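Here is a short note for a colleague who is opening this model for the first time. Please read the points with the structure in view.

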Amino acid sequence: MEMMNAPKAVVMDLDGTLLRSDGTVSRRTLAALARCREMGIITIIATARFWFRAQKLVSIIAPDYAVLADGTQIYQGEKLDIGFPMDRPQSDAIISELAAMPEGDFVVSTGKTLLCSKPGIDEPWRKTYDFTAGVGQPVYKIAAVFDTPEEANELAARNSCRIYSYRGENLYGFTSTSAGKYQAVCALAQQLGIMTQDIIAFGDDENDLDILKLCGTGVAMGNAVASVRAAADSVTAANDEDGVAAFLEQFVLK
């Protein structure tokens, strides 16, 4: 394919996309992103990860913006710039249901801080929390472990929220229906005065479908699931072959 115009921004998923399978970012990829920034192209990462798991990568990749927790939070550097919290009654109801379950293995994102139901966690950005006292602050995303997808889907339906599943995991994420990677990218585009048709999006999993379909150019990784490859405008090399860098070098940085 040929790029008609230079993009104004590139948005990239992390796991399975920008990152290699060992969780690292190659020098080639970092160099391609640095060249994008030199050209005035805005770099954005968009991931399901919470802050505590994204912080180190944000410092290494140095994107202009980081969309975290399935599009519920947008960071510029260390600062939470834009957020899409759940309605208070909605988050309270979900937390109440999860706390009443026998296992009760769940976490609640209030921004950078992650509140955890499991005991014994005391780290800078995540800690054990007594949910019987209520949260009392904005809740952006709730994630919980379920034995079956049916249980997770039923909880989402009862509480009219958006649900996410993740490849190879029995973890499910719950957010406001007004939140998502694409909604976050749209909010950023409006703030920056650019159009989504001038954005290239890269992804590999189903939670990347919206940005691949609705941004100007959607690029699936060679390792992407079939639905993502089918929805994309183009397919690049796999993440372990630096597919993001390969596409940028061929169509943007030439």
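1. Helices (H or I, at least four residues) and strands (E, at least two) are DSSP runs, numbered from the N terminus. The model is predicted: local features need pLDDT of at least 70, side-chain atom pairs count only at pLDDT 80 or more, and totals for chains, interfaces and linings use all residues. Residues are numbered from 1 along each chain as its sequence is written, and side-chain values use heavy atoms, with hydrogens and water left out.

2. Start with helix 9 (residues 243–251). Phe247 and Phe251 are four residues apart there, so about one helical turn separates them. Rings of Phe, Tyr and Trp (its six-membered ring) pair if their centres lie within 6.5 Å; planes under 30 degrees apart count as stacked, over 60 as edge-to-face and the rest as tilted. Both Phe247 and Phe251 are buried (buried is under 20% relative accessible area, exposed over 50%, partly exposed in between; 1.4 Å probe, protein chains only). Their ring centres are 4.7 Å apart and their planes stand at 45 degrees, so this pair is tilted.

3. How many aromatic pairs does the whole structure hold? The search finds seven. One of them, Phe146 with Tyr172, is edge-to-face, at 6.1 Å centre to centre and 75 degrees between the planes. This pair links distant parts of the chain, 26 residues apart: Phe146 sits in the loop between strand 9 (141–145) and helix 5, Tyr172 in strand 11 (residues 171–175). Phe146 and Tyr172 are both buried. Elsewhere, ring pairs join Phe106, Tyr129 and Phe131 into a cluster.

4. Now the charges. A salt bridge needs a side-chain nitrogen of Lys or Arg within 4 Å of a carboxyl oxygen of Asp or Glu. The count is 13 salt bridges. Arg20 and Asp242 form one of them, at 2.9 Å, N to O. Arg20 lies in the loop between helix 1 (14–18) and helix 2 (27–38), and Asp242 in the loop between strand 14 (234–235) and helix 9, so the bridge ties together parts 222 residues apart in sequence. Is each end buried or exposed? Arg20 is partly exposed, at 30% relative accessibility. Asp242 is buried, at 8%.

5. Glu78 and Lys112 also form a salt bridge, at 3.2 Å, N to O. The two are 34 residues apart: Glu78 is in the loop between strand 4 (73–76) and strand 5 (79–83), Lys112 in the loop between strand 6 (106–109) and strand 7 (114–116). Glu78 is partly exposed at 49%, whereas Lys112 is buried at 19%.
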